Amino acid sequence: FLIAQARVGRENICVVGDAAGGGLALSMCESLRSDKLPLPSSLTLLTPWVDLSLSNPELKEAEKYEVVQSLEGLAMAAQLYRGGISAQDKRVSPINGGFSDFPEINIFTGTHDILYPDSKQLRCHLKNIDHPYRYFEYPKMMHGFMGTPYLRESQFVINQIISLLENKI
């Protein structure tokens, strides 16, 4: 990130992360801020995984509609991902961190995504602290639908992301 920033400028860097990559993007900003380093100009999070504790009570209901992921699979992945770090730690569950001084955050999610409750929780948190964000919700779309090129909704998301990026640069 710092090398890219030196080459093109902070204002031209937009970080995009999908699922765990969305959580990593938030954790990266937390780390950069802690080290008093510049942050990217915006974040675009696609069905972000922001809480590895899987404690959101709405996850059970969301699992009923999900066709790609399961809570059991997420729990196994969370254990591997976090190693010895507590699932509550903001380094692996960035929903537990602060977002002051973070760039604008764009969130894309589907209502049939197992991580949909976490996207809603992140949106509520950002709204409560009056942090700039955009939230895009797609009815009946499953986890990772943005990467499925034959879906009309996927093409729509890609075009929205392009539009967001064009307005930033």
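Trainee: In which sense do β3 and strand β4 pair, and over how many bridges?

Mentor: β3 and β4 (residues 133–142) pair in the parallel sense, over seven bridges. Two strands are said to pair if DSSP finds at least two bridges between them. The chain passes from β3 through α5 to β4, and this β-α-β crossover is right-handed. Right-handed here means that, with the strands pointing away from the viewer, the path from the first strand over the helix to the second runs clockwise.

Trainee: Which residues of β4 stand opposite Ile 107 and Thr 109?

Mentor: Ile 107 stands opposite Tyr 135, and Thr 109 stands opposite Glu 137.

Trainee: What should I know about the model before going on?

Mentor: This is a predicted model, in which local features need pLDDT of at least 70 and side-chain atom pairs count only at pLDDT 80 or more, while totals for chains, interfaces and linings use all residues. Residues are numbered from 1 along each chain as its sequence is written, and side-chain values use heavy atoms, with hydrogens and water left out.

Trainee: How many helices and strands does the protein have?

Mentor: The protein has six helices and four strands. Their order from the N terminus is α-β-α-β-α-α-β-α-β-α. Helices (H or I, at least four residues) and strands (E, at least two) are DSSP runs, numbered from the N terminus.

Trainee: Which strands does β2 join to?

Mentor: β2 runs parallel to β1, with five bridges joining the two. Five bridges also join β2 to β3, and these strands run parallel as well.

Trainee: How many residues of β2 are buried?

Mentor: Five of the five residues of β2 are buried, so this strand is largely enclosed by the rest of the structure. Buried means under 20% relative accessible area, exposed means over 50%, and partly exposed lies in between (1.4 Å probe, protein chains only). Both faces of β2 are covered, with Ser 42, Thr 44 and Leu 46 on one side and Leu 43 and Leu 45 on the other.

Trainee: And how many residues of β3 are buried?

Mentor: Eight of the nine residues of β3 are buried, so β3 is also largely enclosed by the rest of the structure.

Trainee: Turning to the helices, what kind of unit do β1, α2 and β2 make?

Mentor: β1, α2 and β2 make a right-handed β-α-β unit. Helix α2 covers residues 20–34, which is 15 residues. From its first C-alpha to its last, α2 reaches 21 Å, close to the 21 Å expected at 1.5 Å a residue. That expected span is 1.5 Å times one less than the number of residues.

Trainee: Which residues of α2 are buried, and what covers them?

Mentor: The buried residues are Gly 22, Gly 23, Ala 25, Leu 26, Ser 27, Cys 29, Glu 30, Leu 32 and Arg 33. Their cover includes α1 (2–8), β1 (14–18), β2 (42–46), β3 (104–112) and α5 (116–128).

Trainee: Which residue just after α2 takes a positive phi?

Mentor: Lys 36 does, with a phi of about 55°. Asp 130 has a phi near 60°, again a positive value in a residue other than glycine. Asp 130 lies in the loop between α5 and β4, and its 69% relative accessibility makes it exposed. Lys 140 also has a positive phi, near 60°. Lys 140 is in strand β4 and, at 62% relative accessibility, counts as exposed.

Trainee: Where does Ile 158 lie?

Mentor: Ile 158 lies in helix α6 (residues 152–168). This residue is partly exposed, with a relative accessible area of 34%. Ile 158 and Met 146 are 12 residues apart in sequence and 7.3 Å apart in space, C-alpha to C-alpha.

Trainee: Finally, what are the overall dimensions?

Mentor: The C-alpha trace spans about 45 × 40 × 30 Å along its principal axes. Buried residues make up 47% of the 169 residues. Among contacts (heavy atoms within 4.5 Å) between residues at least 6 apart in sequence, 74% join residues at least 24 apart.
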